Amino acid sequence: MDDFIVNIGVEAHIQIKTKSKIFCRCSTEFTEEPNRNVCPVCMGMPGVMPTLNFDVVPLAVKTALALNCEINRVSGFARKNYFYPDLPKGYQITQHEYPLARAGSMKLKSGKVVRIRRLHLEEDTGKMIHDQDENSLLDFNRAGVPLIEIVTEPDFNSEKEVVEYLENLQRIVRYLGVSTANMEFGELRGEPNISLRRVGDQNLGVKTEIKNLNSFRSIEKGIVLEIERQKNILSRGERVVSVTMLFDEKKQELKPMRKKENISEYRYFPEPDLPDLLLSDEFIESIKKEIVELPDQKFERIQKEYCLNSEEAEIIVSDKDFAEFFEKSVKGIKNIGRITKFFIREIPSILKEKKISVKNLNFDDTHLNKLFKMIDEEKINLNFAQDILKKMSLTGDDPENIIKSEGENISLSENEIEKMVKEVLEENQKEVQRYKNGEEKLFGFLVGQCMKKAKNRANPKLINEILKRCLNDRR
Amino acid sequence: MNVDLLKKSFESREKSPVNIVDLIYEKIEKDELNDFITLSKNIAYEQAYLSEKRYEKGETLSDLDGIPFSLKDNFAVKGLRMTCGSKILSDFVSPYDSTVYKRLKKAGAILIGKNNLDEFAMGSSNETSYFGVVKNPCEKDYVPGGSSGGSAASVASDHSSFSIGSDTGGSVRQPASFCGVVGFKPTYGKISRYGLVAFSSSLDTVGILTKNVSDCKKVFNVIRGIDEHDSTVDDLKHEKRDLKRICYVEHIPHTDPKVTELYDKVCLKLERMGFNVEPVTLDFIDLSMAAYKIQTMCEASSNLARYDGIKYGLQKISGQDLFDIYSKVRGEGFGKEVKRRIMTGTYLLMYDNGKYYSLSFKLRDYISNSVDKIFEKYDMMVLPTSLSLPFKIGERVDDPVRMHLSDALTAFANLANVPAININGGYYEKLPIGIQFVGKRNDDDNLLEWVKIVEEEMKKNG
Amino acid sequence: MDKKLLEELAKHSFIELEEEEKIKFLDQINSIFADIEKILKEVNLKNVSDGDYYKKYLTLFNHDEPKNEFRTEDLLMNSKNLKNNYIVLPKIIKEKE
Ligand SMILES: [Mg+2]
Ligand SMILES: [Zn+2]
């Protein structure tokens with residue numbers, strides 16, 4: 001098969017996490033009841049008019065700045081006219097000729113820079129579901145939910161790059177608090193458009209679009225299938241037809257969508273009910289200041305500052321609150337190496353078990369900091385610390401109180417340890433004698449005996465010192 | 001039936017809002033003008049009763065307390081049918097109130113009913129309504145004008161003291177002229193359009209029909225002003241100033257000689273009143289017809305896309321596929337005039353990706369600049385409201401091009417977005433001839449003040 | 001515009017036309033176009049500056065406080081076929097995909 005160059009562009013839609021919809025006052029909160037969060041405006045009743053929920057603008061501007069876009073001081077709303085039952089007004093209010101931002105970019109791990117053509121604000125459509133006896137049911141709760149649409153240039157050459165781009169996008173919007181961006185809830189949707197051309201051909205081939213990809217895995221699978229399909233067509237000398245393909249999740253197959261639905265002609269024109277949006281320089285500057293450290297910058301800084309390997313850094317940076325929690329809890333700890341594993345295993349498993357996020361753990365970073373200090377100062381050993389951490393996650397108590405209130409496993413004072421070591425020596429006089437006659441390795445045995453007796457209540461370094469001292473005294 | 005007289009009779013207990021409502025409903029029945037699609041009797045009697053109580057206690061809400069009014073049937077009233085004169089919405093009940101109705105209700109005014117209109121406010125003779133033709137109260141087998149034909153007829157025949165209509169290219173001023181009442185179109189964006197069913201969103205303007213200009217000012221001040229539901233409303237105004245310089249239009253082609261004769265008489269009277277009246281020529285009448293057609297049809301094709309028989313209105317149950325069902329519902333639900341405009345509008349937007357529509361904005365720039373130049377020198381312009389006298393019912397139904405001519409002298413005010421008001425200039429036999437006064441953008445209050453003076457002067461000596 | 005284009009347009013506007021309507025509309029639409037073309041030729045629209053008839057910039061901004069003022073029943077009272085508050089689409093003979 002002759003080989004082809006693959007060009008892929010991506011249209012991403014991200015649901016913005018505001019409390020109310022973009023052009024009316026309805027709540028965006030999830031509800032089981034259909035047509036609950038609706039009003040005459042988002043249901044497209046006769047005579048209604050849109051009004052802008054301004055709080056979507058800073059969130060969109062933040063996202064655009066994080067993608068190195070230029071913000072258009074003046075952007076305009078437009079109508080995208082087409083018919084579909086889930087589109088109440090018969091048109092979608094979006095931005096066409098004058099989007100909110102343009103000319104952005106994103107750097108992939110490979111160092112390749114992907115160009116972002118534009119970013120604009122628009123409203124989501126309603127939802128259509130099918131019940132058992134083949135009825136199509138309409139629910140307009142989602143109609144009017146604010147969306148950011150981000151369109152890239154066809155700079156991707158493989159499905160891996162597309163997935164990496166979308167994963168970065170997901171992390172950035174989560175970081176900025178713009179969206180929870182869960183693909184399975186449709187809060188982040190990626191629509192790749194794919195074109196193939198023979199090596200040496202300058203201009204791009206005919207492009208096709210894939211819809212209905214609800215996870216990173218299906219995006220990858222969909223793109224691979226489409227590249228295959230186009231390769232076969234082109235290799236047979238035929239021409240690719242520009243069509244929209246629908247991905248069937250169950251059958252893992254691509255099927256062409258009926259021509260009538262993807263009406264190409266949207267008859268865009270400026271939305272007469274919404275004058276243009278003018279953004280002042282001060283407003284944009286104020287948002288620039290607000291932008292928190294982005295995932296890739298934080299990754300590099302944390303990896304250097306706390307000398308973590310890339311997997312560890314990846315886990316810690318995966319969630320903004322988790323990273324903040326980490327940095328606060330390890331403040332002032334000298335030997336970080338020993339405690340990072342708490343953030344790689346123990347704490348994530350607590351979170352997963354209780355299905356909560358770091359914010360609603362019942363202990364906070366100051367408690368954790370105390371615990372880590374104790375480890376740092378060798379007051380307690382690691383597995384003892386794990387027990388305390390488990391208790392902390394149950395009671396939310398301060399580690400010091402846990403240690404005090406737990407009675408039997410409070411750590412021993414120095415002379416208590418000495419008393420205990422002497423008892424051990426009494427009980428193992430034969431081994432002490434053999435050690436004295438030169439069998440050095442018996443010392444390890446004696447240490448083990450002391451540790452067992454101490455039952456994690458004493459610091460191993462301390463036990464060693466006192467044991468040595470006692471053995472020397474008895475010589 | 002004007003506001004001041006009614007108010008005085010309520011205050012003096014000579015009459016009560018409830019008996020006025022009784023009289024009105026009797027007269028509506030007797031006159032058989034078909035100027036109402038829905039009568040809101042229980043709302044009217046309830047509001048009249050409350051108003052009566054307020055008068056007894058002497059705690060009236062506003063100048064309009066107890067005053068009976070009507071709404072063109074493309075304004076939303078919660079719980080009341082809103083048909084827009086169309087089969088496709090013939091059983092639609094609005095779940096919400098328009099801002100205009102909310103403010104009038106708060107002021108204590110009494111809603112008599114919803115006036116008949118040209119379907120979706122498209123037309124200038126009120127002959128395209130699914131609910132039948134409206135008769136002109138002055139001469140029953142003549143048209144009342146349109147598209148707010150029902151509103152003009154109801155004010156002229158005392159079926160309501162004032163009425164709220166919508167003026168996109170003259171749809172309040174032209175019927176006011178044909179029925180001999182006051183019809184005011186303010187500057188675009190003075191009164192909220194929330195609840196007014198959209199025809200052409202960038203031109204639609206809430207208009208007011210009354211017996212006299214002073215009533216019009218009272219209604220205007222109750223319903224104008226910023227509204228949280230409409231982003232295109234402003235409250236820009238000019239300083240109060242006296243009227244000095246008026247201009248009239250020297251030569252208007254296609255005008256009925258009887259109209260020209262009356263128009264000249266009015267200009268003379270204005271001179272005698274001491275105003276400086278000078279001629280100007282308008283070179284944008286044809287332009288405004290072209291721009292008006294393009295803009296309204298393009299926007300209407302989008303504004304009426306929501307009528308798909310899914311959520312409300314006329315519904316079809318089965319069909320070959322979804323899109324086939326849409327076409328059947330709209331094919332049957334819309335009248336001819338509406339279908340023609342939707343299709344032409346769709347074509348204008350599709351053809352050469354909307355070249356015509358963007359061109360029409362250039363036309364509006366041209367017209368707006370020309371009109372602004374005139375108002376740099378003059379305070380007010382006077383011209384006839386309509387090229388013709390009211391015509392007989394059915395006379396022009398199949399003549400869309402000449403039908404458009406009936407907006408020739410009114411559309412430019414919408415396109416240039418300047419205020420304009422029609423008052424009655426006089427009669428030819430029983431047929432009224434309206435005179436139109438146009439003001440500078442945002443000069444609505446001064447315009448109303450000046451035209452009030454002119455109106456009183458004209459009433460004095462015939 | 002010829003009849004075929006008119007039928008295409010009717011499909012795009014989702015309006016089913018009877019035969020006699022098609023014929024009447026064809027000449028009416030053509031005459032409107034002729035009218036517009038004639039007028040556009042007469043005027044020179046080069047370097048016409050922006051008129052200030054239109055509303056410049058958005059000034060009405062809502063804040064992100066949800067207000068649910070409408071009950072579901074009120075909003076669905078005009079829908080003919082409902083199924084526990086879903087709007088049921090008419091049965092279509094050919095299922096989409
Ligand atoms: Mg989109
Ligand atoms: Zn809503």
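1. Chain B puts 66 residues into the contact and chain C puts in 52 residues, contact meaning heavy atoms within 4.5 Å. This is a predicted model: local features need pLDDT of at least 70, side-chain atom pairs count only at pLDDT 80 or more, and totals for chains, interfaces and linings use all residues. Residues are numbered from 1 along each chain as its sequence is written, chains are lettered from A and ligands numbered from 1 in the order written, and side-chain values use heavy atoms, without hydrogens and water.

2. About 5,400 Å² is buried between chain B and chain C, 65% of it on carbon and sulfur atoms. Buried area here is the accessible area (1.4 Å probe) that two parts lose on being put together, summed over both. On the chain B side, B:Arg340, B:Met343 and B:Tyr347 lose the most area to chain C, together 12% of what that side buries.

3. Eight salt bridges are counted between chain B and chain C. The rule is a side-chain nitrogen of Lys or Arg within 4 Å of a carboxyl oxygen of Asp or Glu. C:Glu21 and B:Lys339 form a salt bridge through their side chains, at 2.7 Å, N to O. Helix 12 of chain B gives the most to the side of chain B that touches chain C: 11 residues. Helices are DSSP runs (H or I, at least four residues), strands likewise (E, at least two), numbered from the N terminus.

4. A:His13 lies in strand 1 (residues 4-15) and A:Glu122 in strand 8 (residues 113-123) of chain A, 109 residues apart. A:His13 is buried at 9% relative accessibility, and A:Glu122 is buried at 3%. Buried means under 20% relative accessible area, exposed over 50%, partly exposed in between (1.4 Å probe, protein chains only).

5. The cut-off is a pair of cysteine sulfur atoms within 2.5 Å. The sulfur of B:Cys179 is 5.8 Å from the closest cysteine sulfur, in B:Cys138, so the two are too far apart for a bond. B:Cys138 is buried at 18% relative accessibility; B:Cys179 is buried at 2%.
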